[in-house]
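Dear colleague,

Please find below the structure that I am handing over to you. My notes on it follow directly after.

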Amino acid sequence: MYNLGHTRSVRRSSHLIHTPDTFIRTKIPGCSKASVIVHVSPGLGANFTQYSVEFEAGGALGTASGQRFLYVLDGTVTLEYGAETYTLVENDYAYIPEDAEHIFRAPQTARAAVIEQKYHPLKNTSPPTLLVGHEPSVTAQPLMGDNDLLVRSLMPDTMAFDFAVNTMSYAPGAGLSMVEVHIMEHGLLMLGGGGIYRLDDQWYPVTAGDFIWMAPYCPQWFGAIGKVPAKYLIYKDWDRHPLT
């Protein structure tokens with residue numbers, strides 16, 4: 001059924017709302033029996049790339065040119081890294097160092113969120129190594145003392161990492177305590193629930209499956225609306241000097 005040119009997707013100089021009705025599936029090198037939905041890339045002005053990958057049974061995603069973070073949305077994905085094999089299920093994640101040989105495989109259909117970025121090394125600091133985790137096992141911390149807004153930090157808080165990935169969960173009716181304006185760039189994937197996002201001076205309804213890109217210094221605020229909690233996966237560049 002045609003939507004007669006209507007969509008919730010919006011592209012502005014400081015932000016992007018990318019909704020499933022506008023998703024285009026493509027392929028990337030090293031990808032077989034899998035489709036990729038590129039949400040944001042340097043082509044838009046971002047300093048990272050984020051995409052969703054939809055694996056068919058027997059699908060694979062090969063080595064990235066930069067560092068990579070993968071979060072399993074549903075299904076099962078195996079990670080082959082050196083002589084080791086790791087089985088990742090829904091809400092599991094893996095961080096792969098830059099240029100490390102690896103491959104993700106899906107024995108059956110599966111979906112995952114993927115973030116890729118060139119690594120920015122620090123003098124006298126060793127680069128990070130492989131990290132595998134399970135999001136529900138990460139201790140949730142209330143944001144600014146608000147127990148209705150919980151943050152799980154999926155990456156270690158060390159200077160070795162130059163970006164962070166968190167999940168944020170909102171009880172129905174909960175919202176950020178302030179409009180944020182900062183140097184960090186964001187990629188955000190709505191995992192569940194919905195609400196209203198303020199970006200610049202615009203207000204947008206968002207729901208599970210939507211992707212949001214926020215440029216540095218874009219004014220931003222979120223409040224959860226509905227009868228179920230809202231949850232999203234969010235990337236930010238982190239722990240590097242602004243001139244890097």
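Which residue of β19 is the bridge partner of Y197? The partner is F222.

Please note that this is a predicted model, in which local features need pLDDT of at least 70 and side-chain atom pairs count only at pLDDT 80 or more, while totals for chains, interfaces and linings use all residues. Residues are numbered from 1 along each chain as its sequence is written, and side-chain values use heavy atoms, with hydrogens and water left out.

Strand β16 covers residues 194-199 and runs antiparallel to β19, to which five bridges join it. Strands here are DSSP runs (E, at least two residues), numbered from the N terminus, and two strands pair if DSSP finds at least two bridges between them. The open sheet comprises three strands in the order β17-β16-β19, with antiparallel pairing. Because β17 (202-207) and β19 (220-224) are at the edges with a single partner strand each, one side of each has no neighbour in the sheet. On average, neighbouring strands of this sheet are turned by 20 degrees against each other, direction ignored; the axes are lines fitted to C-alpha atoms.

**Residue N166**

N166 belongs to strand β14, which spans residues 163-170. Its relative accessibility is 11%, so N166 counts as buried (under 20% relative accessible area, with a 1.4 Å probe and protein chains only). Leaving aside residues up to four places away in sequence, N166 touches V151, R152, S153, L154, Y232, L233, I234 and K236 (contact means heavy atoms within 4.5 Å).

**The two pockets**

A pocket is an open set of points on a 1 Å grid over the protein atoms alone, where a 1.4 Å probe fits, with protein on both sides within 12 Å along at least five of seven lines; lining residues have an atom within 4 Å of a point. A volume is the space filled by probe spheres set on the points.

The largest pocket holds about 340 Å³ of space. Of its 15 lining residues, D237, R240, H241, P242 and T244 lie nearest the centre. This lining has six nonpolar, five polar and four charged residues, where Asp, Glu, Lys and Arg count as charged.

The second largest pocket has a volume of about 300 Å³. Its lining has 19 residues, with L143, M168, E180, H186 and K236 nearest the centre. By class, they divide into 12 nonpolar, five polar and two charged. Strand β14 gives the largest share of this lining, four residues, and β14 and β20 (230-237) each supply at least two.

Yours sincerely

Methods. Buried < 20%, exposed > 50% of the residue type's maximum accessible area, 1.4 Å probe, protein only. Axes fitted to C-alpha atoms, helices over the stretch in contact; angles between N-to-C directions.
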